[in-house]
Amino acid sequence: RGVWFGQHGSGTNKNLTQDQRNEAMAEAVADVFALGECDSLYIPNYSSFSMIGIMLTRAERKKVYFLGDEEWMELPEKIE
């Protein structure tokens, strides 16, 4: 029940109704799945939120890039 919003310990979740939380979660899930539809995925920094988008993008054999020291680096097909 409920959806986590904001930083850990944030009181934002307490200010939303259950319908508002459900709607926000539906939008977030749609955004995650939309990430997998991209021609390539650019991620400035990793988060658990981006993991599903990474997996969906890789399943479509599309490229994933992470921002390194001022340049984009491609995620290799196999990580050893």
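Reader: Hi! Where is E70 found?

Author: Hello! This is a predicted model, and in it E70 sits in the loop between β2 and β3 (72-74).

Reader: Thanks. What is phi like at E70?

Author: E70 has a positive phi of about 70°, although it is not a glycine.

Reader: And is E70 buried or exposed?

Author: Exposed, because its relative accessibility is 81% and the cut-off for exposed is over 50%.

Reader: What about R61, what's its phi?

Author: Phi of R61 is near 60°, again a positive value in a residue other than glycine. R61 lies in the loop between α2 (48-59) and β2, and R61 counts as exposed because its relative accessible area is 76%.

Reader: Nice. Switching to strands: how do β1 and β2 pair?

Author: Strand β1 and strand β2 (residues 63-67) run in the parallel sense, with four bridges. One of the paired positions is L41, whose bridge partner in β2 is V64.

Reader: Which residues are on the covered face of β1?

Author: L41 and I43 are on the covered face of β1 (residues 40-43), while S40 and Y42 make up the uncovered one.

Reader: Okay, and where is C38?

Author: C38 is in the loop between α1 and β1. C38 is partly exposed, because its relative accessibility is 26%.

Reader: Last one: which residues gather in the patch of negative charge?

Author: That surface patch brings together D19, E23, E27 and D31. D19 belongs to helix α1 (residues 18-35), and D19 is exposed, with a relative accessible area of 61%.

Technical notes:
Residues are numbered from 1 along each chain as its sequence is written. This is a predicted model: local features need pLDDT of at least 70, side-chain atom pairs count only at pLDDT 80 or more; totals for chains, interfaces and linings use all residues. Side-chain values use heavy atoms; hydrogens and water are left out. Patches are made of residues with over 30% relative accessible area and no salt bridge: like charges are joined within 9 Å, nonpolar side chains (Val, Leu, Ile, Met, Phe, Trp, Tyr) within 5 Å. Accessible areas come from the Shrake-Rupley method with a 1.4 Å probe; for residues, only the protein chains shown count as cover. A salt bridge is a side-chain nitrogen of Lys or Arg within 4 Å of a carboxyl oxygen of Asp or Glu. Lys and Arg count as positive and Asp and Glu as negative; His and the chain ends are not counted. The place of a charge is taken as NZ of Lys, CZ of Arg, CG of Asp or CD of Glu. Helices (H or I, at least four residues) and strands (E, at least two) are DSSP runs, numbered from the N terminus. Buried means under 20% relative accessible area, exposed over 50%, partly exposed in between (1.4 Å probe, protein chains only). Two strands pair if DSSP finds at least two bridges between them.
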